[in-house]
Amino acid sequence: MKRKTQESNADGSRKRLKTTSPQSHSSGAELFDFPEHQRYIASILHDQDVDGKPGYIAGKVFMKYPESEQNIHFIITTDDSEIGSKRLRVEVIFGKKCSKLLRRRDINFPLSSVILLSLRGCSADSGNSSHGVTGKLKFADKVLLKILSPGLDDVVVDLWDSNPLIPSRSADSDWFSTPRERPVEGSAVAAETKKISKRERRLLRAKGHLEKVNDTNKLDSDVVSIKAPKDLATASEPVTPNHVPLDPVTAQETKAPLDKVDGPLGLKAGCRSEKALYTPLSNATRASIFYNVVGVVFSDSLISQTSSGGEYYMCGLHLVDPGSRSPSDNTHFVGTPTKVNCFAINSKWLPSVREGDIVILHNVKASNFNWGTNLVGYKDKLQWAIYGRDGKLAHGVIPSDIPRDTTTDRGFRFTPFLQSGDSTLLSYCSKLREWWNAVECKKKEFLGKTHQVGNHVLTPPPERSARPWLSIKDANTGTISNGYFNCVAEIIHKHRPDQQYYEIYVTDYTSNDQCPTYDNADWCPPGLAKSCLRVELWDRSTPLGPDMEIGDFYSFRNLRMKMANNGYYEAKIQEPKISKLDPDEVGSTHTILKSLLERRAKWATKHKIVERLEKSEYTKIEDVEMRARFNCIVEILHVDLPDGPGSAKVYATDYTANDLLPEPDFDANDFDGLHKRVFKFVLRDSQAEKAKALERGNVCVFQKVMMKLLNNENVGDLGGEQRLISRLNPGLDSHKALMKDLENRKKIFFGTPDDAKEFPGRSRSLSTSVSTSEPRFPESPGRTSPLPSSPKICTSIKQLRSRVGTTVLFGIPARVKWAKPRELWDYCRPYCRKCEKRIPPNQKACVACDDFDHEFVIYQYSFNLSIEDKEGNEMPVTVLDEALFLNDLPRVNLNQDSAALGKFRACFEALAGNVLEYQNERCAGIDDTKLKTPLVCLYGARYEEEGKQICQLLSYTLLES
C-alpha cells in the first residue's frame, strides 16, 4: 500500500510534523522519548504479533559475533519485566538487507553500550540457543534504533524514514525526483565517488565532523550540510534533501551534541601531560596494549595472596572517570566501572585504597575477558601512586624493612612506586576529585526524590544491591543480588569429597521445593528431608569445614544459590565469612537466630526430639554394661591425639568405679587413687576432631557411647558425624546443674573440698570474689600449660625465682610499683575472635580475616604490672582477660564508653592505687604526688610460652589499704 504524501507545513516546507506521543510506528525516533512505551522480553516472547504493537526494548551489548557478509549479529542483556528482578540474554540479528544499510552508515555497536530497538519489523523467537540466550529478535529489512555509549554522543538510526535520504549505489538509479547535483571537484563528496579505501573515507568523515563542531552557525533541522575539509576543497553550498550526495548522513542519524555541562561535571576524561598520555578508561580497550590511566576508586579494595601457590599478592581495583557516566539523561550516574587486577611480589607494593581515592596507574595492559575488557598490572611493570589530599602523590605507610625496588629478570632496576611532579597530572587529579564530589552530590539529590514517569511513580533503586538475609525457603537464583544472600543455619552433616572443597548440609527448619529430598540419607533428622541445603566451601572458606561442628549454628555471609546438574538448588561460598553463633549468648538478641530456634523447638516437639542436654538421661560409669548405648557426664583427665589421621583416646572419670574397666595403659601415678574409675573413650570420625579442643579439667557430656571389647580391653566407642561431645560451661545455670552431681562425688571421693581443689583434674568455677582468703585460679594459668599435679605455692619473689618447673604457682604479698600502658582506656584492647590476634590501632577490624562487618571484633583486657614484695624484690606480671577480678567488667571500647571506663577505674585503683597518676606526674617532672598502693596478696602462675617465662596474675586478696 502506498503511503500518502505528507501535507505541506504552514511555512510551505514538506518536513514531517512531530506528534506528541508515539502512537504508531510512524513516530520515528520520538518513540524513545516515552518510557511508558518500553517493553520487556518476557511479554514480547508471549505476543503473537510483535510487529503490530508500538514500543521498543532496551538492553546492553554483552557479546558480538564476528561480522559476516550476511548479517550483523550480537547479544544484549535486558530486564525480564518491568520489575527488573532478572537480567536475561537476548540475541539480536539484522538480516542481510538491514545489515547492508547499517554498514553503509558505518554504524557500530560497542560492547557495554546501551541500545534501544524499536519493535517495528521485528520477529521474535523463543527457541533455545547457545550462551544462555532466552530468545531472538530478528530485523530482516529495516530498523529504528538508538545507541548510547559512555563518553560519546547518542546515535539515532532510522531506516524506515520515508525521506529519500538513502541513495542508490547505481549510477542509473532514478531514486531521486530530480537529477543529482554534481559534487565539487576535490571535495569530500567527490572523493567519496572515487573508489577510495575505507580508511580514507573514515579520515574524510572525521575531518568533516571536526569542522562541523567548530562551525558556529546552527543548521536547519531539515537541511544536511556537508563541508569539505580545508585541505581538500573550498566552500560548498548546502545540499538540500532534493540534492543529496552519494553517501550522506540522515537527519535522524546525526549525532546530536549533548547540552553543554558547566562546572566539574563537564570534565573531559583523560589528559596529556609533558611526560605521559593518560587514556580515558572507556578508551583503554585494545587488547595487549599498555595504557596509563587515572581513575576514582569506585569501591573498597582488599589485598590478598593469589590462589595459585600464594607466591604473589593481588588486589582488584574498580575505577571510574568522567567517561564512565551515561550523559544521555544528564543524571551523571556512574556506569560500569573498569576493573584493574594488580599484582606484586609484596603486599606493601600494592595500593591500599578506599572508595573515593584517586589512583594513577602506569603500564596496565588491556585484556579481553568474558566479552569485556579488564586492565592488568603485572608485578614487574605496574607503577602506581595515590593522589593525596595535600595535592601530592603518596604511597601510604611503607615499613622501613620493605625494599623500595628490585632487579627484574632482565637485570633492570624496577620500583612499583610512581614518582611524578607533573603539574598537568596533578591539576587533572584535582579536577577529577571535584568531578567525583559533584557526581556524589547529584546522586544524593536524585536518590532523595521520587520521580514521575508517565503514569508510574518510580523510586530510585539503591546504588548497589545489598546481600539480603533470607531463609532457605526464600532463597533462589533470581534474587535482586543475583543469587547472593546471607543466612543463619544449623549444620546437620558434613564431609570432604576431595581436597578441592568441603561439603556441609545445613537447615534453618524451612522448606524449599527446589531443594532435593534426602529421605534416604541416614544423617537426615526426621521431618527435614526437604529442609536441607547442600553448601560447598571453596577457596578460602575450605579450611573452615573441618572445624565446623554438627549441631552448631553459624552465620553465613555471601552465599550464592545456584542450580546443580540434577536440576535442584545448592549453595556455594568462597570467602571465609562464616561465624559461629552461641544460642546461650545471642539467642535472645539475634532476631534471625531467635526465629530459627523457635522453628527448631516446634520441630522437636512435633517429632518428639530430645534436644536439650538437661532433658537427656545420663548413666554413671559404675552402671555401664557391655554393648549398651549410654550418655554420661565425665571430667577429662588426659587426651591422647594421634600423629596423623586416626582415632583419638580420651581418659575421663565421674568418680564411680566399674569392675569392667581396665587399668590405664600408661603411668597410673597421674591418677592417684582412681582405681577402676578411669574410662577410656576411643573417638573416631568427627569425634576425633572434637578431641583436639578438649583439655584436662573440662567437664563434658558424651552421648551414644557403646562399651565394647577392643584390643583386649573394654573401652567406650564413639564415632559418626553428629555432635555427640559437648563441653559444659560452669557459668551457665543449666550446665552447672548437670555438673552438680559430679562435683559432689568428687568432694566425697577426696574427703574435703580443699582436697578436691588440689586435684590436677579439678573443675573450677569462674565466679569471682576478691575478698576470699583462698587463691582462685581459672581453668588454665597459661595458654597451653596444664596445672602441676602437686602445686606448692611460692610466697616470695626470691622463692619463685629459685623454683624449677614448667608451671609454678605463687601467692606473694606485694604492692604495685608501675603499670603499662600509661592511659587507662588502653587496658581493654580489640582482638579478632577468628584468628585470636590483636587488631592494630590503625584498623577497626582484622584485615587478614576479611572482617568487613566487624563480626569478629572482641575486646579483652591486657596490661602489665611491676610488683615489689616485702623483701624489696621486683617482678613484672601480666594481667590477661581471664583474671578473676575482671570477670564482672564489660568488654567494650573504654575510650568510647565512659560508664565502663569508670567501673574499670574503680577496679584498677583497688589493686594498684594511684600508680598511673604517679607515673604521669613523674614523666611531666612533678614530684609532689606520692605513690599510694595497697598491700595485696597476688595469686598467679609462672609458665613458659614461646621460650619465655611469663608470670600471670589471676586473682588477689586485700591485706591492707
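Trainee: Is C122 buried or exposed?

Mentor: Buried means under 20% relative accessible area, exposed over 50%, and partly exposed in between (1.4 Å probe, protein chains only). C122 has 6% relative accessibility, so it counts as buried. One caution: this is a predicted model, where local features need pLDDT of at least 70, side-chain atom pairs count only at pLDDT 80 or more, and totals for chains, interfaces and linings use all residues. Residues are numbered from 1 along each chain as its sequence is written, and side-chain values use heavy atoms, with hydrogens and water left out.

Trainee: How many disulfides does the structure hold?

Mentor: A disulfide is a pair of cysteine sulfur atoms within 2.5 Å. The structure holds 0 of them.

Trainee: What is the strand order in the open sheet of 8 strands?

Mentor: Helices (H or I, at least four residues) and strands (E, at least two) are DSSP runs, numbered from the N terminus. Two strands pair if DSSP finds at least two bridges between them. Here the order is β5-β6-β3-β2-β1-β4-β7-β8, with mixed pairing. β5 (122-125) and β8 (155-158) are the edge strands, each pairing on one side only. From one strand to the next, the twist averages 30 degrees.

Trainee: How many bridges join β1 and β4?

Mentor: β1 (residues 56-64) and β4 (residues 114-118) pair over 5 bridges, in the antiparallel sense. I57 has L117 in β4 as its bridge partner.

Trainee: Which strands does helix α2 lie across?

Mentor: Axes are lines fitted to C-alpha atoms, for helices over the stretch in contact (heavy atoms within 4.5 Å). Angles run from 0 to 180 degrees between N-to-C directions. Helix α2 (residues 96-104) lies across β2 (72-79), β3 (87-94), β6 (133-139) and β8. Its angle to β3 is about 85 degrees.

Trainee: Which residues of helix α13 are buried?

Mentor: In α13 (residues 915-923), they are V915, L916, Q919 and E921. The buried residues pack against β35 (807-820) and α12 (898-912). G925 follows α13, with a positive phi near 85 degrees.

Trainee: Which side chain makes a polar contact with that of E570?

Mentor: A polar contact is a pair of N or O atoms within 3.5 Å; within protein, one must be able to donate a hydrogen and the other to accept it, and residues adjacent in sequence count only if both atoms are side-chain atoms. The partner of E570 is the side chain of R534, at 2.5 Å. E570 sits in strand β27 (residues 569-573). With a relative accessible area of 11%, E570 is buried.
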